[in-house]
Each structure stands twice: as C-alpha cells, then as structure tokens.
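Morning, everyone. Please bring up the model on your screens, and we will walk through it together.

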Amino acid sequence: MTLNSESPSTSNRDWFFPSQSFNVPRSPARRFFSPYPRTTTSFQNSSSNFTSPLAVPRTLRRRISHRRRIQNSAGATTDEIGGNSNDAVLIQSEDCPSSGNKRTTSAHKKYTDFVRWRMACVIAMVVMCFTSLLHKNFSLQYQVSDLQDEFSTLNARLRHCNISDSIDIIDSTPEHNISSASLKITALILSLMMLSLPLVFIKYMEYISNVRRQLDNTTEELSLNKRLAYRVDVFLSFHPYAKPLTLLIATLLLISLGGLALFGVTDDSIADCLWLSWTYVANSGNHTNSEGIGPRLVSVSVSFGGMLIFAMMLGLVSDAISEKFDSLRKGRSEVVEQNHTLILGWSDKLGSLLNQLAIANESLGGGTVVVMAERDKEEMELDIAKMEFDFRGTSVICRSGSPLILADLKKVSVSKARAIVVLAEDGNADQSDARALRTVLSLTGVKEGLRGHIVVELSDLDNEVLVKLVGGDLVETVVAHDVIGRLMIQCARQPGLAQIWEDILGFENCEFYIKKWPQFHGMQFEEVLISFPDAIPCGIKVASSGGKIILNPDDSYLLQEGDEVLVIAEDDDSYAPAPLPMVQGGNLPKNLIIPKTTERILFCGWRRDMEDMILVLDAFLAHGSELWMFNEVCEKEREKKLTDGGLDISRLANIILVNREGNAVIRRHLESLPLESFGSILILADESVEDSAIQADSRSLATLLLIRDIQGK
C-alpha cells in the first residue's frame, strides 16, 4: 500500500496511519490464484475516494511511502510465491496423492533414524564423560592420599637428610605419579570403548540397513543384521568346535576388559589386575573383598559376566552329553565287529531266525548278530527280550537305520559281515520285493566290497529272476511263500515228513553242511559216500557250474578242483573223512517201481501262488486224481486269477479241479463237504488276511479244530 504524496496537508501532525476500515487491495498474483471471486474495485479508486482529515509533512510522507512500498512489494512477492507453491502442492496432490504420503513417511523415517542415532551418540558421549570424570575424581583422591603419605615421609626424611636430597625426591615423585595416572586413565577409557564397540557397531548396521532400504524401495534386500546373524548361524552349525571356540574367545575378552578396568581403578600392576579378573570370572564370590566404589563396580560386572560364561559352558557340556547318550539310546553309534551275521529288516520270522543262529553258534562259543531296521532301538531290544529262548552266548546288537542308505550300512560294518540276510516285510508282496531289490542295489554299491554272501527273502516267485539279475552270483534268493507251499504238498502226501523237515532244516539235531575237501579231488562220488562215518553225503556243489548243487549225482561222477561236498551231519565240526573201508559187493533189486493210485486232496483257503501248487500236484499225483478247492472266492474269479498267474486249466494232465464256495470257519459249510473221502487236507493261510499273521493263524487254527471235531463225530 502507498500513500498519495500530493494530497494537501490539513493538520499540523507529523504522520498519519489509515484507520482500521481502510481496505487494502490484493496484489494481482494474489487475486489470480485466490479461490475467492475477483473484485472490480481497484487501488486507485479506493485511494481516490479516501480523504485524510489530517495533513502529513511532505518529507515524512515520502519516507513512509517508501517504506510501505518496500513492505508491500515484499508481501506481494511472498504472496505470489506462496500462492504458486500452494497451487503446485494442490495439483500434485490431485494427480498422485500416494507419492506425497510415501515421501512424507520416508522423510519421517529418516528424521526418526537421525534422531535415534544422534541420541545414541549423545548418550554414549555422556556415559564416557561421566566415567572419565568419575575416574578423574578417584584418581585425584588417590593422588591426594599418596601426596599426604609422601609428605609425611619426606618430613621425616628432612630431619635426617640434607635439604638438596629431599628436593630431588620431591621433584621426581610427581612425574612418576602423573605418568601412572595417565596410563590408568587410558586403560579405563580403552576398556569402556571396547565394551561399547559392539553396541555402536549394531546401531551402525541398523542405520546402514535403513538407509539402503529407503534408497531402494523396489527390491526386497535383506538387512545387514539378518545377514550377519545368518553367517553366525552357519558358522555355529557347520563347524563342530565353533561353540567351544566362541566361549573361549568370550572368556578371554572378559578377562582382558576386566583386567584393563581394574588397572584403571586400582594401584595394582596390569598382570595382577588380569589375574584378579580371572579369579572374578572363575569364582564370583571373590569380589566381596573389593574396597572402593570403582573396584566394586568393576568386580561386580566381571563376576556377572563370569556367571553368564559359566552358565553357557554348563549348557554346552550338558547338550554334548545328552546328544551322546541320545545317539547311544537310538542306536546311531557305529558297530565295530567282523565275521558277524547282519540281518536287514524286521518281520515276524526274526524270532525263529535268531533262535536258529544261536543254536548254530553254540559250538563256536557264541557269535554276534547285528539287526538293523527302521525302528527305534529300544523297541527292537524290548521285542527281542520278550522272545523266550536261550541265546547260548550269542549277542544281539540292534541299530536303527535304513538298509537303503550307504551311511547306515557302513555303520553296521556291512563290508566285514560273514553273511547278510535281507528279510521280507510283512504286507504287500510286490512292495516287499521292490524294497528287497533296492536293498540289494545298495549292498552292491558298497565301495569296500562285501566279504560274505547275501541271502534275500522274497514274497513272490516271479520277482526272483530280477533280484538275481541285479545281485549276480553274490545273492541267493529264498521265496519263503513258495517253499512253504511245496513243503506242505510233500508233507500232505507223506505223513510224518514234516517232522523230518523240521529236524533237517533246523539246528537242533542234524542239518546240512557244505565243505571243501581237497583230498577228494579226482575221486568218484561212490567212494565219497563211504568216506564219512559220521555224516551222509547227499550231493555236490559244482564249482565249474557257478556253484550249482547236484543232489544224488551219479556214482561215476569225478570230483573236480573247487567242488564241495553236501552232507547231513550233527554239526560242522562233528565229521571228517576217514580211510576207505572194505565193503563187500551185493545186488540190489531192479525195476523197483511202486504203482501210483488216484488221490483226493482238499485245499481250504486261497493263496497267492495257488497256480504253482496246482502244477506241483499235477506232476506228483496219478491220473484221475481230484483237487477240491474250498474258499470264499467265486468260481469265475478263481479261473481269472489262475489264468492271470499263468495256469492253463485245460493242460492239467493228472488232476481234476473241483470248486466249492464257502467259509472255512463256519461249521455248516464244512459239514457240506465229504471230509471222510479226502486223503489229505491242506489248510492254507487265506489271502484276505495275509497281511496279519495273527489273524491268519487264528483262522487256520479255527478251521483245524472244526475239521477235527467233525471227523471225530
């Protein structure tokens, strides 16, 4: 606003301000950016209509007018800038409202981090200054007391010595005290700096992480704290001695810091202070003898750190001991044995297998059997302890592991085992054989090689060829399901044969043994037959045929180098060849043939390998024999299963199949059969309950009792 300089003066007053009702016009920029409606009243009209009742001198009016021009121009410029900025902010907020909030949040974070960092630095500086002043106060007190003691000492010396000597002593003593005090202050400051260095480093890492995160918002980058924590975690996890080494370094740092701090607040030497710090760390009760505020604060701090280190050491020791006992309890330790029998897997047949191995090892004074399965070691040991038989000096070692993993196989010394037995799992036959095949592959992949042979139990005869293809000559397969079926047929046709098989196949009485006798090379088999007074030769294991066994060979067969003799004897050390006895020749009856008669056999139940048993019976029985099959499988389903198994019913030469449908545990179904007309009755473990041994045995036992009761009446 400016005043008109040419208006006449009407009063004697020096200057005049306009009244409060004077309307000041808006500047053009202000009006242009103003959100209010524009007014048409101009500054000239308002100033021309205004008449001042008082007069102002010309010189004063010019000064006032000049000053107000400057103020108005400055105000207009400010209003214009303010209006432009407001409009710019308004446009920006309308176009992108989220960017303003982000910038405001980012600026607020930067300001907050800056304030925190500044406050941390200020607090650290205040703490350092306070401790320095506190130490200075203590040092001055000590110096005053020392000076008083020295002053009294010097007064006593002045009485007996010359004045010049006393002056030299007075001049040299303060210099030594000043140097010692400066060294102690330096030690105290150094200890405080080392103590606060980790805190400063952590704060600095947080500050750097926040700055990087604010500068680059598009990428998700891990903070330096997380990276550092990850590196520490990896170091402690992969290095076995990382934790004890970390504890040792922490102990040495605590002793060093405590020694420097004690050196700064006491009059002892640095070596004595380090030793005193070690005593505080080792025994927290030693700080009770400290005198003075400074030594007490330092001793309490060092003792508290010592308690923490002692607690960490106890934790490490207890964890190591617990881990060791846990590994022993769970069977993770290594077996250091050789010439032992290794059993891989767990099944219901393990009890009888261990019993026979214990009987076989009795003549050797006992042996070692190692069992590894995917079960807990304590459970296996508990189940073996429940087996009520005498181990006869044989020790059974259990380990928990998988036979498919080479590390677990090495843990049980598989390369040094005398024999390896792979048991079939209870359950599905195909899955059990597939697992046995993978186990054989793992055994053949042992780099150290295998010393003993491998015996693999299979559940299905069709999978035997594949396992032998993988294992080669090193593997011997036993299809227990097929062997049991064949033995049942033999025992059904020859009453009492079951007892013979039990005696021969077990270790209670006589059993089969194979051994090489070099003195028999070039001899005929008929001479070998009479060479063992305490054993019965049964066959030859031919080395040239890859270990094939020939039972009852021709009398003219000549034993070659490497051939072994199969005998039936009481034990492996109970027989030996003797000189050939003198035997008189005789005559045997010729053409001794017993004619076959037709038979009628009953099968109760349905097995997986029913077609194999039918083929064996068709080869043994006379023409016109009948095979009755009584089970719950319908007739059409039976024919389909037999055909899928590879049996052509139309090609059966000697037997006739008779199908009857019913339940073998229901009495009225059994009474519908002509039980008195059958020469042999075979009760089979039904396929429907094959997965459960207890249920299958219970069903077979119930069928046996019902048939016996029906036959008795």
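Let me start with a question: is E632 buried, partly exposed or exposed? E632 is partly exposed, with a relative accessible area of 44%. Keep in mind that this is a predicted model.

Stay with that residue. The side chains of E632 and R699 form a salt bridge, 2.8 Å from N to O. E632 sits in the loop between β12 (625–631) and α19 (635–644), while R699 is in helix α21 (residues 693–712), so the bridge ties together parts 67 residues apart in sequence. R699 counts as partly exposed, at 21% relative accessibility.

Now the overall picture. The chain has 713 residues, and 32% of them count as buried. It holds 21 helices and 14 strands. Take contacts between residues at least 6 apart in sequence: 72% of these join residues at least 24 apart. The accessible surface is about 45600 Å², and carbon and sulfur atoms account for 58% of it.

Next, the cores. In general, nonpolar side chains in soluble globular proteins tend to be buried together. Here the largest nonpolar core has 22 residues. L342, L344, I420, L443 and V456 have the most contacts inside it. At least two residues each come from β1 (341–344), β2 (368–373), β4 (419–422), α13, β5 and β6. Helix α13 gives the largest share, four residues. Click on L344. Beyond its sequence neighbours within four places, L344 contacts M372, P403, L409, I420, V421, V422, L423, T439 and L443. There is also a second, separate core of 21 residues, including A492, I601, L642 and I655.

A492 takes us to helix α15, where A492 is one of the buried residues. What covers them? The cover includes β5 (453–458), β6 (475–479), α18 (610–620) and β14 (680–683). A quick geometry check: at 1.5 Å a residue, the 14 residues of α15 (480–493) should span 20 Å, and the end C-alpha atoms are 20 Å apart, which agrees.

Back to charges. The structure holds 19 salt bridges. Two more pairs are worth a look. E464 bridges to K468, with the closest N and O atoms 3.4 Å apart. These two are four residues apart in helix α14, about one helical turn. E464 is buried at 18% relative accessible area, whereas K468 is partly exposed at 41%. In helix α19, K640 and D644 are likewise four residues apart, about one turn. Their side chains meet at 3.2 Å, N to O. K640 is partly exposed at 47%, and D644 is exposed at 57%.

There is a network too: salt bridges with shared partners join E374, E425 and R435. R435 is in helix α13 (residues 429–444). R435 is buried, with a relative accessible area of 16%. Setting aside neighbours within four places, R435 contacts E374, S402, P403, L404 and E425.

Last stop, the surface. L190, M194, F235, L245, L248, I249, L252 and L253 make a nonpolar patch with about 690 Å² of accessible area together. Helices α5 (163–215) and α7 (242–265) each give two or more residues, and α7 gives the largest share, five. L252, in α7, is partly exposed at 49%.

That's my tour. Thanks.

Methods
Residues are numbered from 1 along each chain as its sequence is written. This is a predicted model: local features need pLDDT of at least 70, side-chain atom pairs count only at pLDDT 80 or more; totals for chains, interfaces and linings use all residues. Side-chain values use heavy atoms; hydrogens and water are left out. Buried means under 20% relative accessible area, exposed over 50%, partly exposed in between (1.4 Å probe, protein chains only). Contact means heavy atoms within 4.5 Å. Accessible areas come from the Shrake-Rupley method with a 1.4 Å probe; for residues, only the protein chains shown count as cover. The expected span of a helix is 1.5 Å times one less than its number of residues. Patches are made of residues with over 30% relative accessible area and no salt bridge: like charges are joined within 9 Å, nonpolar side chains (Val, Leu, Ile, Met, Phe, Trp, Tyr) within 5 Å. A salt bridge is a side-chain nitrogen of Lys or Arg within 4 Å of a carboxyl oxygen of Asp or Glu. A nonpolar core is a set of buried Ala, Val, Leu, Ile, Met, Phe, Trp, Tyr and Cys residues joined through side-chain atoms within 4.5 Å.
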